[in-house]
Amino acid sequence: MRDVLPEARRLADEGRPTAVAMVVGTKRSAPRPIGSRLLVTDSGEMYGSVSGGCVESDVALRAQEVLRTGTPELITYGISDDDAFDVGLPCGGEIDVFIQPLDADEVRRVAEAVDGDQRLAVTTTLTGEAAGAKRYGDGEAHSTARREGDALVEQYAPAPVLMVFGAVDTAQAVCRIAKTVGFRTIVSDARAKFATAERLPDADQVIVGWPAMAYEEHPPDAATYVVVLTHDARFDEPALGPALRSEAAYIGALGSRRAQDKRRERLLNAGYRESEIERISGPLGLDIGALTPSETAISIMAEVIAAQRGRNGGRLAEAGGRIHPAAGVAAS
């Protein structure tokens with residue numbers, strides 16, 4: 001729902017007759033993950049996507065029929081038909097799409113959870129007389145969408161948090177990219193002339209102070225990603241230490257290999273175990289030959305997203321297995 005939530009809220013508030021189509025199952029190289037949605041109004045306006053353009057035209061026609069009858073419909077799109085290139089998936093994948101009238105109560109509940117940084121679980125029945133019925137409960141720590149038998153189970157959780165230590169030029173570029181992919185960003189630096197909202201307009205929160213202050217504001221959990229951009233041991237160890245002994249999902253630190261070795265020695269001398277120090281990804285980022293702050297930010301966020309999705313990063317052309325994450329990994 002997150003992908004079309006602003007439009008869904010507006011249409012629900014206006015009382016516009018609207019159908020929602022959502023991906024509830026995928027096989028092979030499906031273009032959009034489970035939970036992706038397409039809104040179709042009674043006048044034919046469309047918002048969102050279930051296939052990146054492959055089957056939207058047919059889904060829109062079926063959505064109009066669902067609006068007319070009020071009866072939900074579950075459709076499978078694949079490549080077995082003779083007219084696959086007209087209404088199928090030329091990429092070789094297969095998707096199940098469930099279409100039902102937009103549920104204003106679901107929109108309200110999801111909006112309240114997202115706005116309030118709360119957890120929410122939504123279960124939608126997909127078959128039988130109860131098709132389209134919703135059940136609500138407490139959510140999990142991560143936002144996911146997965147098919148469980150004849151139901152779609154979606155978990156809404158607060159946005160993952162990216163904690164950036166060091167208000168350098170790269171920090172602003174990292175925050176700008178992180179914001180576009182759904183992270184809440186916190187930047188911390190003890191140097192007041194660097195840690196300003198003017199220098200970091202895309203940071204959700206700027207903390208002027210030592211790393212301990214940032215960790216007091218946000219104790220790192222399994223949905224926290226830590227990026228250390230400082231080049232000063234006075235800041236590095238205080239920024240890394242609490243993260244190493246937390247559930248943080250990712251810990252990365254800028255610096256040359258020589259700097260990483262010296263940092264490792266200091267952490268060992270400070271009492272950290274090898275197993276804890278090995279959690280640090282350093283030099284952080286994927287190897288794309290980055291030179292500028294913006295390029296470095298792309299490299300860093302690429303590695304962060306790879307960690308979030310359970311991937312190692314690298315060239316897709318040289319990778320085996322499926323291109324898109326397995327069902328249930330992507331946030332809805």
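By the ring rule used here, the count comes to 3 aromatic pairs; rings of Phe, Tyr and Trp (its six-membered ring) pair if their centres lie within 6.5 Å. In one of them, F165 and Y215, the ring centres are 5.2 Å apart and the planes sit at 40°, so the pair is tilted (planes under 30 degrees apart count as stacked, over 60 as edge-to-face and the rest as tilted). F165 belongs to strand β10 (residues 161-165) and Y215 to helix α6 (residues 211-217), so the pair ties together parts 50 residues apart in sequence. Helices (H or I, at least four residues) and strands (E, at least two) are DSSP runs, numbered from the N terminus.

This is a predicted model, in which local features need pLDDT of at least 70, side-chain atom pairs count only at pLDDT 80 or more, and totals for chains, interfaces and linings use all residues. Residues are numbered from 1 along each chain as its sequence is written, and side-chain values use heavy atoms, with hydrogens and water left out.

Now for the sheets. An open sheet of 5 strands runs in the order β3-β2-β1-β5-β4, with antiparallel pairing (two strands pair if DSSP finds at least two bridges between them). At its edges stand β3 (46-48) and β4 (73-77), each with a single partner strand, so one side of each has no neighbour in the sheet. Strand β2 (residues 37-41) is joined to β3 by 3 bridges, and V40 stands opposite M46 in β3. Helix α1 packs on this sheet, touching β1 (18-27), β2 and β3; contact here means heavy atoms within 4.5 Å.

An open sheet of 4 strands has the order β7-β6-β9-β8, again with antiparallel pairing. Here β7 (134-137) and β8 (144-148) take the edges with a single partner strand each, so one side of each is left without a neighbour in the sheet. Between β8 and β9 (residues 151-156) there are 5 bridges, and R146 has V153 in β9 as its bridge partner. Helix α4 packs on the sheet and touches β6 (120-125), β7 and β9.

What about the two helices themselves? Helix α1 (residues 5-14) and helix α4 (residues 104-115) pack at about 130°, with axes 10 Å apart. Axes are lines fitted to C-alpha atoms, for helices over the stretch in contact, and angles run from 0 to 180 degrees between N-to-C directions. The two helices are therefore oblique to each other (angles under 35 degrees count as roughly parallel, over 145 as roughly antiparallel, 65 to 115 as roughly perpendicular and the rest as oblique). L5, A8, R9 and A12 in α1 meet residues of α4 including V107 and D115.
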